[in-house]
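Colleague: I have a chain to go through with you. Please put it on screen, and then I will ask my questions.

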Amino acid sequence: MAVQVDGAAIEIDAAKERATLCVLALRVGQSASFDDITNALWGDEPPKSARKAIQMYVSRLRRVLPPDVIVTSADGYRLRCEDIDAQRFERLVIDARRQASERKVTEAVDALSAALALWRVPPLPDLIDHAAGMAEAAR
């Protein structure tokens, strides 16, 4: 996962913090409940301290991200961000399919090439060990 703020890279070294941010990014604009995050991080075997751990991960993320990017919601957290590569990828694939259906092959190839260029590593490596992450990565 790569995070950039105003063109500057922000390193998030801890895997669980990156995974927490991934869950929020996958639901950008919507709340991710504690249960959603717990399931993504630990699957069927969460520690008893899962809720406190998630709160700690979010606190650490808030220290390195701009203010108000992670918002507390009634049942968890919500990411407020307008530029997520996964969303851009989806928009480009939708555009490529539309272009292909209109027989605009060059434009479809350009859109797919731009979509694939967004991925520098396999998708969601910090979530791939859990069912939710595997399903989302496959999608």
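This is a predicted model: local features need pLDDT of at least 70, side-chain atom pairs count only at pLDDT 80 or more; totals for chains, interfaces and linings use all residues.

Colleague: What does Ile54 contact, leaving aside neighbours within four places in sequence?

Modeller: Contact means heavy atoms within 4.5 Å. Ile54 is one of the core residues that touch the most other members. With those neighbours left out, its partners are Phe34, Ile37, Thr38, Leu41, Trp42 and Tyr77.

Colleague: At what angle do the axes of helix 2 and helix 3 cross?

Modeller: Two packed helices are described by the angle between their axes and the distance between the axes. Axes are lines fitted to C-alpha atoms, for helices over the stretch in contact, and angles run from 0 to 180 degrees between N-to-C directions. Angles under 35 degrees count as roughly parallel, over 145 as roughly antiparallel, 65 to 115 as roughly perpendicular and the rest as oblique. Helix 2 is therefore roughly perpendicular to helix 3: the axes come within 10 Å and cross at roughly 90 degrees.

Colleague: How many nonpolar residues are in the contact of helix 2 with helix 3?

Modeller: Helix 2 brings Phe34, Ile37, Thr38, Leu41 and Trp42, while helix 3 brings Ala50, Arg51, Ala53, Ile54, Gln55 and Tyr57. Ala, Val, Leu, Ile, Met, Phe, Trp, Tyr, Cys and Pro count as nonpolar, Asp, Glu, Lys and Arg as charged, and the others, Gly among them, as polar. By class, two residues are polar, one is charged, and the nonpolar ones number eight.

Colleague: Is Thr20 buried or exposed?

Modeller: Thr20 sits in helix 1 (residues 15–26). Beyond four places in sequence, Thr20 touches Ile37, Leu41, Tyr57, Val58 and Leu61. The classes are buried under 20% relative accessible area, exposed over 50%, and partly exposed in between (1.4 Å probe, protein chains only). At 0%, Thr20 is buried.

Colleague: What is the relative accessibility of Ser33?

Modeller: Ser33 belongs to strand 3 (residues 31–33). Apart from neighbours within four places in sequence, Ser33 is in contact with Asp75 and Gly76. Ser33 counts as buried because its relative accessibility is 12%.

Colleague: How far apart in space are Val28 and Arg78, C-alpha to C-alpha?

Modeller: Val28 lies in the loop between helix 1 and strand 3. Val28 counts as buried, at 14% relative accessibility. Leu79, Cys81, Ile84 and Gln87 touch Val28, residues up to four places away in sequence not counted. Val28 and Arg78 are 50 residues apart in sequence, yet their spatial separation is 6.7 Å.

Colleague: What separates the C-alpha atoms of Glu82 and Val28?

Modeller: Glu82 is in the loop between strand 5 and helix 4 (85–101). Glu82 counts as exposed, at 78% relative accessibility. Along the chain, Glu82 and Val28 are 54 residues apart, and their C-alpha atoms are separated by 8.4 Å.

Colleague: What is the phi of Asp68, which is not a glycine?

Modeller: Asp68 is placed in the loop between helix 3 and strand 4 (70–72). Its relative accessible area is 53%, so Asp68 is exposed. The phi of Asp68 is positive, at about 65 degrees.

Colleague: Where is Arg103 found?

Modeller: Arg103 is not a glycine, but has a positive phi of about 65 degrees. Arg103 is exposed, with a relative accessible area of 74%. Its place is the loop between helix 4 and helix 5 (105–117).

Technical notes:
Residues are numbered from 1 along each chain as its sequence is written. Side-chain values use heavy atoms; hydrogens and water are left out. Helices (H or I, at least four residues) and strands (E, at least two) are DSSP runs, numbered from the N terminus. A nonpolar core is a set of buried Ala, Val, Leu, Ile, Met, Phe, Trp, Tyr and Cys residues joined through side-chain atoms within 4.5 Å.
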